[in-house]
Amino acid sequence: MVTVLNKESTDFLAVATALAEKFAQTAVLRDAKGGTPTDELKQLRESGLLKLVLPKEYGGFGETWPNALKVVREIAKTDGSLGQLLGYHYFNTAVPLLFGTVEQYAHYSSESVRHNWFSGDAANPRDPDLIVTPDGENFRLNGLKNFATGTKASDVVVIAGIRQDLGNLVFAIIPSDRQGVQINDDWNYIGQRQTDSGSVAFSNVLISRDEILGNPDSNEHPSPFATLITPLGQLVFVNLYLGIALGAFAEAKQYTLTQTRPWILSSAETAAQDAYIIEQYGNLWVDLAATISHADHVASVLQTAWEKGEHLTATERGEVAVSVATAKVLSTRVALDVTSKIFEVTGARSAANKYRFDRYWRNIRTHTLHDPVAYKVYEVGNWVLNKQIPTFTLYT
């Protein structure tokens with residue numbers, strides 16, 4: 001029985017926790033298997049969590065970003081892949097608001113609630129851009145995008161492409177099963193193995209004019225509010241990393257309490273009484289507690305900026321980006337450290353394949369390669385030293 005979020009029961013975190021506990025029962029097997037987490041995505045759909053950030057006036061639950069990010073974190077504790085899929089879905093639901101018209105956002109939100117859509121994306125800016133070509137009143141889309149997370153199980157896909165004639169970047173949302181869309185089963189990485197982040201090929205795909213968000217003929221720079229797309233995405237990453245690290249810590253703790261033996265030179269009766277192990281757990285938790293606090297603070301900074309809408313200034317947006325960058329750097333460092341050091345407090349037998357404790361590190365290592373954290377450090381340093389805000393890109 002799936003715990004359900006509805007208008008009578010809106011405890012979203014309780015729903016996420018209950019789902020995470022169920023996902024934990026198969027997490028090890030599914031990590032080994034890879035592929036699409038079909039049953040788990042079905043449970044996410046049935047839970048109501050896909051509608052969490054969609055506005056109440058369109059049938060959603062209208063939750064804030066701090067609350068949605070806590071849900072991502074909770075799911076990621078037991079399953080990094082599902083945490084990523086849900087976090088990207090939330091991110092994708094914001095794209096029509098940031099780049100579309102009021103009418104488009106209303107239509108997308110209403111239809112998303114009505115059909116309980118799960119959204120994937122094919123917008124990786126590091127690939128050669130998809131080419132959008134005018135075709136009468138409509139357009140045709142061609143090209144290939146790698147790292148297209150969640151597309152295989154999605155109902156709709158967010159795409160980003162370049163108009164061939166004008167050279168402007170356009171976003172669109174189209175059905176994932178549209179003719180000419182080929183979702184390839186080629187995701188085979190060491191971590192985040194069930195995110196379906198492989199490639200998608202587009203061959204002469206029809207895109208109607210009203211499916212392109214905003215004015216497809218405009219070459220204007222996006223507003224500061226629209227460029228919150230990048231800090232939002234980066235903050236999804238922060239909470240994904242934090243959730244995975246917290247999950248690794250919790251599982252290591254349980255193993256230490258029940259399985260780990262004290263070292264032969266230790267005077268402790270149990271591993272949990274060994275002073276060195278206690279010290280290591282203390283250090284790990286100090287780092288995690290600091291990351292939790294900072295991630296929550298930065299989420300509130302983003303929410304404040306979000307609520308300003310089109311009144312947000314470029315300077316304010318830049319300060320949000322710097323704040324998010326600090327959380328990205330911290331969560332990356334701490335998550336890599338925690339997911340590696342759990343073996344030092346669990347012992348040699350914990351490295352057995354049946355536990356697959358390495359999946360936490362593999363998940364973190366894989367996703368933190370998304371964009372170099374060194375450039376986030378630079379953004380922070382350039383702001384602190386020179387008061388220079390980051391220039392907007394789909395990474396900054």
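Reply: A patch is made of residues with over 30% relative accessible area and no salt bridge, like charges being joined within 9 Å and nonpolar side chains (Val, Leu, Ile, Met, Phe, Trp, Tyr) within 5 Å. Accessible areas come from the Shrake-Rupley method with a 1.4 Å probe, and for residues only the protein chains shown count as cover. A salt bridge is a side-chain nitrogen of Lys or Arg within 4 Å of a carboxyl oxygen of Asp or Glu. Here Trp-263, Ile-264 and Leu-265 make a nonpolar surface patch of about 460 Å². This is a predicted model: local features need pLDDT of at least 70, side-chain atom pairs count only at pLDDT 80 or more, and totals for chains, interfaces and linings use all residues. Residues are numbered from 1 along each chain as its sequence is written, and side-chain values use heavy atoms, leaving out hydrogens and water.

Me: Why is Trp-263 called exposed?

Reply: Exposed means over 50% relative accessible area, buried under 20%, and partly exposed in between (1.4 Å probe, protein chains only). Trp-263 has 60%, so Trp-263 is exposed.

Me: What makes the pair of Phe-249 and Tyr-281 edge-to-face?

Reply: Rings of Phe, Tyr and Trp (its six-membered ring) pair if their centres lie within 6.5 Å; planes under 30 degrees apart count as stacked, over 60 as edge-to-face and the rest as tilted. The centres of Phe-249 and Tyr-281 are 5.5 Å apart and the planes are at 80°, so the pair is edge-to-face.

Me: Why does Phe-249 count as buried?

Reply: Phe-249 has 12% relative accessibility, and therefore counts as buried.
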